[in-house]
Amino acid sequence: KLDTYFNHPHKKFKSIHIAGTNGKGSVSHMLASVLQTAGYKVGLYTSPHLKDFRERIKINGQMIPEAEVIDFVEKHKNYFEEIQPSFFEMTVAMAFDYFERSKIDVAVVEVGMGGRLDSTNIITPDLSVITNIGFDHTVFLGDTLEKIAGEKAGIIKSGVPVVIGETQTDTEQVFKKTASERGSRIEFADQHYSADYSMQTMDGKQVFTISAKGKILYENLKLDLLGIYQRKNICTVLRSLDLLKELNYKIDIEHIYRGIENASRTTGLMGRWQILNQKPLTICDTGHNYEGMSYVVDQIRNTPYKNLHIVFGVVDDKDVDKVMTILPKEATYYFTRASIPRALNEELLKQKAEKFELLGKTYSTVQIAIENAKKNAGVNDLIFIGGSTFVVADAL
C-alpha cells in the first residue's frame, strides 16, 4: 500500500539487496564505498542506527537532512494513521522516496530481518547478496539453519544473480534449490576467493592478500574496518563487484582499492571493532549472536592486555546462554542494559552469567557501567563494550 501510494519509487533506480545473519552491514557499506568511489551517486539504506535515526538513510555518505524526515512525516501523516504501517515500513518508504527524488544511480539496500517478508523485499535488484546464516531472531525466522536460510533465500529473484558469502553444509542446498527454481545464477564467494590477513598498518588499517584459485589477485588490499571477521566479508564484496562489472557497472581496480581502504570514512560506518580510546584500550563491537560474538572473542584473545573488563548487555530475544558459553571467564563483567524496552534486565543477566562462571556487578545504564570500568582499569588493560547493537549505541 505504501509503495503504491508513493508510486513505486524503487523502480526508478538500480539497487543491490543484501541479507545475512552477520556482516550484512559491513558488506553494504564496503559496496557503497566502492560504487561511490567509482563515481556513482549511491543511496545506502541500513538498520538499526547507533546514534542518529538518519544514519539509516544516506546518499554518498551524507545522512538524510532532518528537514526531509520532518517534512515526510508531516506530509503523509494522515495516510500513515489510516494504514498503520510499522516503524520499519515507514522508514523504508522514506528511504525509497528520498532516493528517487534525489535521483540516485544505485541503492545498496540492507534487509532489516530475514528476507522473504522484509519490507525491503519489494525491490527487484541487479544483484542479491546473502552473507551467511547463523542463529539470530529465531523467534521470527525459525530454529534451524535450514529454516533461517529459507527466509533469507526469499530475496533471490527470478533471473537476478545471487552471491552467497559462506558455503555452509546446512544451507548450501537451500540456496542452490531456490536459485535453480528461480533461474538465478548463484556464486559462493568463499569458493572463489580466499583472504590472507597479513597485518595492520601504522595508520590503523588491516591489509589483506586476496587469492583466487591459488593466484594472487589483490595484493596489499587495505581496509579501514578492523574486525578479523572482515576477511570473510571482503571476499563477499569482491565477488559481488565481479558480478556487477559483468552487469556493466563501471568499476576498475583503483576504485576497489580506494573504496575498500576508506569504507568507514566514505560511508560513516560505526561500531565494527571500533577503538574508542587507547589507554586503556577501549573497543566496542556490535556482534551480538553466537557467530558474531565468537569472532569478537577470538579477536579479544589476539589483543594484548593485562586485565580484561567487559561491559555487557543483551536484548531479550537473544539466545544469551549459547553466547555465554564462549565469553572469557577471566574478565571482570559490568552487566548493564541498553536504553530500549527490549533490553534484558541487568540483574537477570548477572544471574544467568553466574551459571557460566562469568562474574561482575550490575549497573543500571551503559554510561555508568563504562565509567566504573574506566575507574577500575589500568593503562594496559582492555575494556570491551558489547553484547548488543544497542549497548554499543549507548556507548557511542
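## The second largest pocket

(A pocket, on a 1 Å grid over the protein atoms alone, is an open set of points where a 1.4 Å probe fits, with protein on both sides within 12 Å along at least five of seven lines; lining residues have an atom within 4 Å of a point.) Its volume comes to about 670 Å³, meaning the space filled by probe spheres set on the points.

Three strands, β9 (193-200), β12 (274-277) and β13 (281-284), each give the lining at least two residues; strands here are DSSP runs of E with at least two residues, and helices are runs of H or I with at least four, numbered from the N terminus. Sorted by class, the lining holds 13 nonpolar, 11 polar and four charged residues. (Ala, Val, Leu, Ile, Met, Phe, Trp, Tyr, Cys and Pro count as nonpolar, Asp, Glu, Lys and Arg as charged, and the others, Gly among them, as polar.)

## What you're looking at

This is a predicted model, where local features need pLDDT of at least 70 and side-chain atom pairs need 80 or more, while totals for chains, interfaces and linings use all residues. Residues are numbered from 1 along each chain as its sequence is written, and side-chain values use heavy atoms, with hydrogens and water left out.

## Helix α2 and its partners

Now for α2 (residues 24-37). Its axis comes within 9 Å of that of α9 (residues 230-246), crossing at roughly 45°; axes are lines fitted to C-alpha atoms over the stretch in contact, with angles from 0 to 180 degrees between N-to-C directions. On the α2 side, Ser 26, Val 27, Met 30, Leu 31 and Val 34 meet α9 residues including Asn 233, Ile 234 and Val 237, with contact meaning heavy atoms within 4.5 Å. The residues of this contact split into seven nonpolar, five polar and no charged.

Helix α10 (residues 253-261) is another partner: the axes of α2 and α10 come within 8 Å and cross at roughly 130°, so this pair is oblique too. Ser 33, Val 34 and Thr 37 of α2 touch His 255, Ile 256, Arg 258, Gly 259 and Ile 260 of α10. That contact has three nonpolar, four polar and one charged residue.

One joins Ser 47 and Pro 48, with omega about -10°, and Pro 48 sits in the loop between β2 (42-45) and β3 (57-59). Another runs from Lys 279 to Pro 280, with omega near -5°; Pro 280 is in the loop between β12 and β13.

His 8 isn't a glycine, yet has a positive phi of about 50°. Look for His 8 in the loop between α1 (2-5) and β1 (14-19).

Notes
Angles under 35 degrees count as roughly parallel, over 145 as roughly antiparallel, 65 to 115 as roughly perpendicular and the rest as oblique.
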